[in-house]
Amino acid sequence: MNKAKLAARLIFGLLWVVFGLNFFFHFLPQPPPPEAGLKFLSGLMANPYFFPFMKVTEIAVGILLLLNIAVPLALVIIAPITLNIMLYHGVLDPAGVGLAILILVLNVFLGIAYFDSYKPLLKRG
């Protein structure tokens, strides 16, 4: 389990750092989204701070995961982004659903692997 946990954490962290940095430096080609996806993304891009803030968050989370610092917190921070990526690709842009599923599986696997860290949060009052 420890090797799987380490591998998942490193892969998950690397994905966030690479895709976060790609937003700023454009080193990976991005296929154009379908019309429904473009409408959604255009709405998000209309807000000037949304994508830079989200991508900096992704990079920070990726670094935390790679360095094994505050991993349970990093997993909680990135969970809503993971869910939105899955929903975006599942509903609006199915071409990228494979990577979205991988990201979701890694997030869930790591959440389960670090579940003991969350137990105090789940206690009654």
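**Stop 1: an aromatic cluster.** Select Phe23, Phe24, Phe50 and Phe51. Ring pairs link Phe23, Phe24, Phe50 and Phe51 into a cluster. Rings of Phe, Tyr and Trp (its six-membered ring) pair if their centres lie within 6.5 Å; planes under 30 degrees apart count as stacked, over 60 as edge-to-face and the rest as tilted. A search of the whole structure finds five aromatic pairs. One of them is Phe12 with Trp16, edge-to-face at 5.6 Å centre to centre and 75° between the planes.

Before moving on, note the ground rules. This is a predicted model, where local features need pLDDT of at least 70 and side-chain atom pairs count only at pLDDT 80 or more, while totals for chains, interfaces and linings use all residues. Residues are numbered from 1 along each chain as its sequence is written, and side-chain values use heavy atoms, with hydrogens and water left out.

**Stop 2: Phe12 and Trp16.** Select both residues. They lie in helix α1, four residues apart, about one turn of the helix. Helices (H or I, at least four residues) are DSSP runs, numbered from the N terminus. Buried means under 20% relative accessible area, exposed over 50%, partly exposed in between (1.4 Å probe, protein chains only).

**Stop 3: the core.** Of the 21 residues in the largest nonpolar core, Phe12, Trp16, Leu65, Leu75 and Tyr114 touch the most other members. Helices α1, α3, α4 and α5 (97-113) each supply at least two residues of this core. The largest share, six residues, comes from α4. A nonpolar core is a set of buried Ala, Val, Leu, Ile, Met, Phe, Trp, Tyr and Cys residues joined through side-chain atoms within 4.5 Å. In soluble globular proteins, nonpolar side chains tend to be buried together.

Now centre on Leu75. Leaving out residues up to four places away in sequence, Leu75 touches Phe12, Leu65, Asn107, Leu110, Gly111, Tyr114 and Tyr118. Contact means heavy atoms within 4.5 Å.

Show Lys5 next. Lys5 lies over the face of Tyr114, at 4.2 Å from the ring centre. A charge sits over a ring if NZ of Lys or CZ of Arg is within 6 Å of the ring centre and within 35 degrees of the ring normal.

**Stop 4: helix α3.** Select residues 50-67. Helix α3 has 18 residues and reaches 26 Å from its first C-alpha to its last, close to the 26 Å expected at 1.5 Å a residue. The expected span is 1.5 Å times one less than the number of residues. Its buried residues include Phe51, Met54, Ile59 and Leu65. The buried residues of α3 pack against α1 (2-25), α2 (35-45) and α4 (71-92). Just after α3, Asn68 takes a positive phi of about 60°.

**Stop 5: Lys55.** Lys55 lies in α3. At 14% relative accessibility, Lys55 counts as buried. Which residues does Lys55 touch, not counting those up to four places away in sequence? They are Phe19, Gly20, Phe23 and Phe24.

The side chains of Glu58 and Lys55 meet in a salt bridge (3.2 Å, N to O). Both residues are buried. Being three residues apart in α3, they are separated by about one helical turn. A salt bridge is a side-chain nitrogen of Lys or Arg within 4 Å of a carboxyl oxygen of Asp or Glu.

**Stop 6: the other salt bridges.** A search of the whole structure finds three salt bridges. Select Glu35 and Lys39. Their closest N and O atoms are 3.6 Å apart. Glu35 is exposed at 59% relative accessibility, and Lys39 is exposed at 60%. Then select Asp116 and Lys119. Their closest N and O atoms are 3.1 Å apart. Asp116 counts as exposed at 57%, whereas Lys119 is partly exposed at 42%.

**Stop 7: Ile77.** Ile77 lies in α4. At 37% relative accessibility, Ile77 counts as partly exposed. Leaving aside neighbours within four places in sequence, Ile77 is in contact with Thr57 and Val61. Draw a C-alpha distance from Ile77 to Val61: 7.6 Å in space, 16 residues apart in sequence.
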